Amino acid sequence: MRFTSLEPVSTLRRNLVDQPFRLTSDVLPTGSAGCNGKADLMNRYAWYALAASAVIAIASPSWAATTVKVTEGGEGGGPMTLTLDQTTIKAGETVFAVHNDAMTEDHEMVLVKLKSADQKIPVVASRHRVDEKQLKSIGEVSDLKPGADGQLKAKLAPGAYLLLCNIKGHYEAGMQAGLTVTK
Ligand SMILES: [Cu+2]
């Protein structure tokens, strides 16, 4: 009784294993039939491309940039967010890949180097904006439309940084995040 109950399972498994082989053998003859001179040339180009990308892959670690993904969100009048996929990175070339995840609201991203992690951020209350003149701005991604992506590249020295959106009211609504850069 035990064996008969196992039988359907092993049959099923055999069928599952057989399936890919059957598919491969169906596909292979067609592929090799099309292997004329032109296909051979294309194969050679594919090989050169592969070899070239392998060289790049080997060479890249010395100057590879760190990518920080920044996601911005929130609509007018509501809470707003600015989040980073990592909040501590190594010093060097950095790419900030910024995505505005909002439905209707424009956002921006300003990168600021702080004197220390606990530096007080000057906000002009009447304008509902951070006073950027009092801060050391490294660069920014401005006017990001809803759903749009932007990029900022910067070579970062060790220290404390702040990322913020300085569109009126957005900093106060929560659009800020700290970033620590280590040696
Ligand atoms: Cu914003």
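Modeller: Read along the sequence, the pattern of the protein is α-α-β-β-β-β-β-β-β-β-β-β-β. That comes to two helices and 11 strands. Helices (H or I, at least four residues) and strands (E, at least two) are DSSP runs, numbered from the N terminus. Residues are numbered from 1 along each chain as its sequence is written. The model is predicted: local features need pLDDT of at least 70 and side-chain atom pairs count only at pLDDT 80 or more, while totals for chains, interfaces and linings use all residues.

Now the sheets. Strands of a sheet pair through backbone hydrogen bonds, either parallel or antiparallel. Here, two strands count as paired if DSSP finds at least two bridges between them.

β1 and β2 run antiparallel and are joined by four bridges, with V70 opposite L84 in β2. Strand β1 (residues 66–73) pairs with β4 in the parallel sense over seven bridges, and E72 has N100 in β4 as its bridge partner. Strand β4 (residues 92–100) and β9 are antiparallel, with eight bridges between them; F96 stands opposite L152 in β9.

Another open sheet has five strands in the order β3-β11-β10-β5-β8, and its pairing is mixed too. β3 (88–90) and β8 (136–144) are at the edges with a single partner strand each, so one side of each is left without a neighbour in the sheet. Strand β5 (residues 107–113) and β8 run antiparallel and share six bridges. L111 has G139 in β8 as its bridge partner.

Two residues are in contact if their C-beta atoms, placed from the backbone, lie within 7 Å. Leaving aside neighbours within four places in sequence, L111 is in contact with F96, I138, G139, E140, L152, A154, Y161 and L163. A nonpolar core is a set of buried Ala, Val, Leu, Ile, Met, Phe, Trp, Tyr and Cys residues joined through C-beta atoms within 7 Å. A residue is buried if 20 or more other C-beta atoms lie within 10 Å of its own, exposed if 12 or fewer, and partly exposed in between, with C-beta atoms placed from the backbone. The largest nonpolar core has 24 residues, and those with the most contacts inside it are M109, L111, L163 and L164. Two or more residues of this core come from each of β1, β4, β5, β8, β10 and β11 (176–182). The largest share, four residues, is from β5. Over the protein, buried residues make up 21% of the 183 residues.

A157 gives a contrasting case. A157 lies in the loop between β9 and β10 (159–164), and counts as exposed because it has 12 C-beta neighbours inside 10 Å. Apart from neighbours within four places in sequence, A157 is in contact with A91 and V181. A157 and A91 are 66 residues apart along the chain, yet their C-alpha atoms are separated by 5.3 Å.
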